Amino acid sequence: MATLINQMGGFVLLTLTFVLARNGTLDAAGIGIINGLRGVGSTVGVLVGGICADRWGRRAVIGLGYSTSAALIVLLIPTWSAPTLGLIAVALGLSSAFAQPATAAAVADVVPEDDTARAYSLNTWAANIGLAACSAMVGIFSQDHIPLLFSLDAATTLAAGAILIARLPRTTASEADVKKEDGRPGIAYVFRDRVFVGFVAVGAVSFMLLSQQTSSLPLDMALQGVDPSVYAAIVMINTGMIIVLQPYVPSLIRRLNQSVALAYGAAILGVGFALNALGPSFVGYVVAVVVWTCGQMVGSCVAPSLMMKLVRSDSRGSYQGVAMMAFTVAGAVGPMVGGFCLQGAGRTALWWGCAVAGLVGTALHLVSRKQRDRRVAQLALRDGQRASPATTAPL
């Protein structure tokens, strides 16, 4: 419920690029920098938030992160100079990311182990339902109601945080075990875990591609004179496909090794974004979003399940923080690269470059397959559990 409400009010994410492009203060590269600075703040926020989630508890971290984000969203309503916008973007990225490791770790804390993959899939499903509703409202109100939309974003952020705090137990079993265990490894151990760090590094390639959805894609549309309602429609197609088809994806790929499934997903994702070169026609953008959404659905099913099998249960928050840090680094680099590439090399080079990135991710997933499978078996044995075969992992 909290995820649904928060995503329904995610108006800043969908409209900020259009607002900056239309007020004429920044060029394409400058807008890419602003989007990237938000990712820089997120990089710091997830790492610090992951450490704090293990030490302060989930509820405290969630409360601080959500309340601070709501206040910063309100500050975006006035028209600021470029330096001030940069500072707000960094702060907003930090605060919004601060609570993410605690929220992700809380799912594994309170849900039985056999149901965690299903819980993460349900969370993704709820997020896309909320995003679809948000996109519909943007399509109707974005032209003349930006202050109202930003105010609603702040309100829904506060509401989502309040729901999470109210529903989570004050201390979960996992948190209690962590506090009792003197041998719990610190954040340095997580960075030395080569298998896990390699996994999140490869995942960051796909996340760089996905970051183009909210940065380079709307910017490309704005520069081509495309109305924001077209972008809202593309987002609605993306979320609509996920809402309708996501429940069927696990059964289609259940016989695949999880690393192989992620390789397929990365390739489809890269090709899909390359097809944005067919724009600025509406049909071209539709073809592209249908393809890259298929790759996105495969990744969102498999990646959380495999990642939970690669992490130590006694440092769940710290592991989540490191993983999310890699994704936010990609979220910071992706918009910057996209903005400069769009301005310097043109839209064709940008979108075909996405195909190359997708194929790189595919190769890295395949190369890492055996190493990951060994780690899954080792951690299952360490925890005294029966290892689940990677080829039939529940999704």
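This is a predicted model: local features need pLDDT of at least 70, side-chain atom pairs count only at pLDDT 80 or more; totals for chains, interfaces and linings use all residues.
1. **Overall make-up.** The chain has 395 residues, and buried residues make up 53% of them. Its secondary structure comes to 19 helices and 0 strands. The accessible surface is about 16600 Å², with 67% of that belonging to carbon and sulfur atoms.

2. **Contacts along the chain.** Take the contacts with a separation of 6 or more. Residues 24 or more positions apart account for 86% of them.

3. **Helix α8, its length.** This helix covers residues 146–167, which is 22 residues.

4. **Helix α8, its buried face.** The buried residues here are I146, L149, F150, D153, A154, T156, T157, A160, G161 and L164. Look down the axis of α8: the buried residues fall within an arc of 170°, so they line one face of the helix.

5. **The nonpolar cores.** In soluble globular proteins, nonpolar side chains tend to be buried together. The largest nonpolar core in this model has 40 residues. Which of its members touch the most others? They are V12, L76, L217, M221 and F273. A second, separate core holds 33 residues, including V195, V200, M297 and M308.

6. **V12 in detail.** Leave out residues up to four places away in sequence. V12 then touches R38, I73, L76, L92, F150 and D153. Two of these, F150 and D153, are among the buried residues of α8.

7. **An edge-to-face pair.** The structure holds 3 aromatic pairs. In one, the rings of F196 and Y319 have centres 4.8 Å apart. Their planes stand at 90°, so the pair is edge-to-face. The pair links distant parts of the chain: F196 sits in helix α11 (residues 194–211) and Y319 in helix α17 (residues 316–344), 123 residues apart. Both F196 and Y319 are buried.

8. F273 belongs to helix α15 (residues 258–274) and W351 to helix α18 (residues 347–367). The two residues are 78 residues apart, and their pair links distant parts of the chain. Are they buried or exposed? F273 has a relative accessible area of 0%, so F273 is buried. W351 is buried too, with a relative accessible area of 0%. Ring pairs join F273, W292 and W351 into a cluster.

Notes. Residues are numbered from 1 along each chain as its sequence is written. Side-chain values use heavy atoms; hydrogens and water are left out. Helices (H or I, at least four residues) and strands (E, at least two) are DSSP runs, numbered from the N terminus. The expected span of a helix is 1.5 Å times one less than its number of residues. Buried means under 20% relative accessible area, exposed over 50%, partly exposed in between (1.4 Å probe, protein chains only). The arc is that of the directions from the helix axis to the C-beta atoms. Rings of Phe, Tyr and Trp (its six-membered ring) pair if their centres lie within 6.5 Å; planes under 30 degrees apart count as stacked, over 60 as edge-to-face and the rest as tilted. A nonpolar core is a set of buried Ala, Val, Leu, Ile, Met, Phe, Trp, Tyr and Cys residues joined through side-chain atoms within 4.5 Å. Contact means heavy atoms within 4.5 Å. Accessible areas come from the Shrake-Rupley method with a 1.4 Å probe; for residues, only the protein chains shown count as cover.
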